[in-house]
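Hi,

Here is the structure I promised to pass on to you. Have a look at it first, then read my notes below.

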Amino acid sequence: MPKIGISRKFGLAIGTMVALAAVAVVAFIVAGSAGASPRRTAATATLNGAGSSLVAPLVATWSPVYDAATGVHVNYSSVGSGAGIAAITARTVDFGASDAPLSPDQFTACKGCVQIPWALSATVPTYNIPGVGDTRLHLSGPVLADIFLGLIKKWNDPAIKKLNPKLSLPDMSITVAHRSDGSGDTFAFTDYLSKVSGTWRTKVGNNTAVDWPVGVGGKGNAGVAAIIKSTPGCIGYISVAYVLQNHLSKARMLNAAGKYTLPGVAQIENAAQTVKKVPANNQMSIVDPPRSKKYAVAWPLSTFTYIIVPTTSAKASVLRKFIFWALTAGQSYGRKLVFAPIPKVVLVAAEKTLGKIHS
Amino acid sequence: MSASGLTAPGFHSKGMRRRRVVNFVMELLAWGAAAIAVGVLAVVVFAVARRGWSALNTDLLTKPPIPFSTAPQGLANAFAGTIVIVGIATLMALPIGILVAVYVNEFAPASIRNGVTMVLDILNGIPAIVIGIFVYGLLVVGSGQSGFKGAFALAILMLPFVARSTMEVLALVPNSLREASLGLGIPHWRTTLSIVLPQTIGGIVTGTVLAVARVAGETAPLLFTSSLVGNQTSWNPTQPLQTVPVAIFELSESPDPADHARAWAAAFILLMFILVTSLTARWLANRSRSKIAGR
Amino acid sequence: MTSVDATPEATRRPFGGRRVRFGDIGLQLIAGGAALAVTILVVLIVWKVVQGAKPAIEKYGLSFITTVAWNPVIGRELYGAGSFLFGTAVTSIFALILATPLAIGIALFLTELAPKAIRAPITALVETLAAIPSVVIGLWGILVLGPILRTTIEPWLHDVLGFIPLFGPPSEAGASVFTAGIVLTIMILPIVSSISRELFLGVPSDLKEGALALGTTRWEMVRGVMIPYSSGGIAAALILGLGRALGEAIAVTQVIGGSVSIQWNLFATGDSLASKIAASYQGATSNLEASSLIYLGVILLVFSLVANILAQWIVRRTARKHGIVRGGHA
């Protein structure tokens, strides 16, 4: 720390300088935003939410539309499903969002929360291989698992070449990118890998965060996208909206029906058709749809995403209206972000759960 | 003390030449070390300045962020939040810091003085992230984040700085002043408040400015106390507010080059503020001190 | 001031005749209260952090420190600090090894070699390095330093020194223990150099001139007089720098890559105590993981406190030895 032996004059001079700078910045911000933001009455309600980065683009689309329609402003922090669950459990937000359903322990800790499936999308193996363009790479579940287990280390490995006979793959090491935070994408991805690879199931397992055998960690879908984008030879898994937004390359996956598919609205809808009946806690897993002609085009890494709310809260009526809007009118905004509309049977169950929320 | 090398061989002997060469090499290395330090500073500041300057525009300060959109946007909410939170932190830390310094310098016996100074040094050495965990556990769990709680965490970081620099200026006030005042019958408390403290205002303000410069860039404690924020520009500290360092932290890990550009621009503004205030404060302090010493 | 007339007992002032005003007591109480509050704050911080870690401490005890695992998968939960302690040790020691000669070199330059005119500006510039916020250095680390290291320095080091396990295959993504080490070096350099500089300024000039008068070269004088004289203080400076490196969370978490393992390759990813807490705390999947992260914080706190108190003790001892009044420097 420097020695201060300073006269009053100079000290006040520098203090005034700092204060003036702050005032100037404040004036600038206020002047600039005065024109921009709409009139806000004292009674404007706000909903604060946090969680899944998968659903964040959709909520970002909803927010201004819903605000214009009802005057309720929805603030959303994309911090990952794990952080969303933690935030709503600690009641630091009004609602949490997670692609991963709550575990029994998390339900208990949340003290009277319900989870409502409000959107449907997918996670995608995404790569950055010099010379291999978008959708050129074909992968299967077991090969993907071996890559993420660190058993397949180079792009020109025979196992990958077998699935891509016409592709010239470089002699380049594979860098795996995964999520470092608690993530619903991780939950869906590891759910899938556990189903297609016995080694993965025993060695790693299925969870929002796992002990990754190899790879570099990134925070949020954005963080993983950044790593893939800047690292040649990299493969990771990110939700489809981010793949499109950042112009990254997605891999074609071999589904159980024997077809290579891409994550599109129709393919995700097909995967969601595996839900015949929704259980009481709304927990559904639609990864790796079974081998059947019915699911011929299904994308094997599709996932529902949930909004998690306490059954009793001060903002219950505002929340109910928002969630109802999201379940109905809001679904149409999802298509261009590759969110499929939720199936009828799920919508019925969601609305039933919605009825449980009261002030 | 080692006695090696303290003998004096003949001036032009071979041993002397070798010693001269070693000396030259060492001096060169010292010059090199200084050049590296200045070089690194120049590289970092230049990198931030170059990228930040080209991304600088009025939108940065006037428009809030719009996630997942290429529409013109900025970081107005972060700048507003930083000003509010750092301002409140200063208001929290300043009185306590001054009071502690007054107690240590004017009232405390030597043993307590050493004890409190040690406590301040310990507080200064606690990592910011541990302070974040502390404030989270104490205030945020169960009741939510807010600008006030973030300000409280920053105030804890500022406190040792403000207290120590106030202690130093108080120590510089000559005892003759105090004794003269007490001799005139002015009570101790009045002496301290009306005679001694006013002499130190310059130093206190400078110390506070330096403390502000330090915490303006703190990220870790704010992650726990004021990070679940909305995108609107808000001045309301009862809600969590976005801050410039947290915004830079989040944008730094984004895949979008436009986000990187905003991060550089915000880093540039933050860095300029911190550098200009720190350097000016130090320069004024040095100038003033040499004036006092020259007297 | 005594009055001449006899004052009756009843009106004699208490406290030995000194005038005591409420104002005096009031200010002393308020100011003393502030000092007490600060002391209580430090105790409260330690207590609250330990309390938050209690579930993990009760479950794992001291074995937490050696366990190398961080598995949040439900049904297989196992948490341990081993890999983070290793990462903290590697990055901090790396930074110390790089920063110490540089810092001492800078301090020597500023006290002995630099022309008078540039001494003040260069001193200010080096201390300015300390003022750069860690998030800005982290931003620079991710977007500028990491890619440069990955494409130039790391492959070169691997080619030249690859037989040493430290310099294994270069990182693919720019995030690595090596990048984190360089970032930490930049951050602790100013602290160590400014304390060293003040120490060197405090070496009595008669000692220095005495050596020079005997015909030593400047370097021999530094080696024989200045460094031994300041060795205690330099040790304290290093410990303070170490403490700073231990606690740095943000810049490290931005560039280190976040993996759980113990391996020697500097170019691989890793993680440190502070960096892990910053990365994972918001999204802890269970109470056990959250309290394990706080347990990491407890370990970090213990190290920082030990480093801090040790450095203070060394400074006090050295000051006593050299007869320097506490708080007085050149």
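Let's start with where chains B and C meet: 75 residues of chain C are in contact with 76 residues of chain B. Bear in mind that this is a predicted model. On chain C's side, the biggest contributor is helix α1 (residues 22-60), which supplies 19 residues. Sorted by class, that side of chain C has 49 nonpolar, 21 polar and 5 charged residues.

Now zoom in on one pair of helices. Helix α4 (residues 110-125) of chain B packs against α1(C) at an angle of about 45 degrees, and their axes are 10 Å apart. That angle is why α4(B) counts as oblique to α1(C). Their crossing is left-handed.

Which residues meet there? From α4(B) you'll find V116(B), V119(B), L120(B), I122(B) and L123(B), and from α1(C) they meet A35(C), V38(C), T39(C) and V42(C). This contact has 8 nonpolar residues, 1 polar and no charged ones.

Next, the nonpolar core. The largest one has 308 residues, and those with the most contacts inside it are V100(B), M158(B), I248(B), A266(B), A267(B) and V136(C). Helix α3 (residues 76-107) of chain B provides the largest share of this core, 19 residues.

If you skip its neighbours within four places in sequence, A267(B) is in contact with V48(B), G52(B) and I248(B), plus V136(C) and L139(C) from chain C.

Definitions and conventions. Residues are numbered from 1 along each chain as its sequence is written. Chains are lettered from A and ligands numbered from 1 in the order in which they are written. This is a predicted model: local features need pLDDT of at least 70, side-chain atom pairs count only at pLDDT 80 or more; totals for chains, interfaces and linings use all residues. Two residues are in contact if their C-beta atoms, placed from the backbone, lie within 7 Å. Helices (H or I, at least four residues) and strands (E, at least two) are DSSP runs, numbered from the N terminus. Ala, Val, Leu, Ile, Met, Phe, Trp, Tyr, Cys and Pro count as nonpolar, Asp, Glu, Lys and Arg as charged, and the others, Gly among them, as polar. A nonpolar core is a set of buried Ala, Val, Leu, Ile, Met, Phe, Trp, Tyr and Cys residues joined through C-beta atoms within 7 Å. A residue is buried if 20 or more other C-beta atoms lie within 10 Å of its own, exposed if 12 or fewer, and partly exposed in between; C-beta atoms are placed from the backbone. Axes are lines fitted to C-alpha atoms, for helices over the stretch in contact, and angles run from 0 to 180 degrees between N-to-C directions. Angles under 35 degrees count as roughly parallel, over 145 as roughly antiparallel, 65 to 115 as roughly perpendicular and the rest as oblique. A crossing is left-handed if the near helix is turned anticlockwise from the far one by less than a right angle, and right-handed if clockwise.
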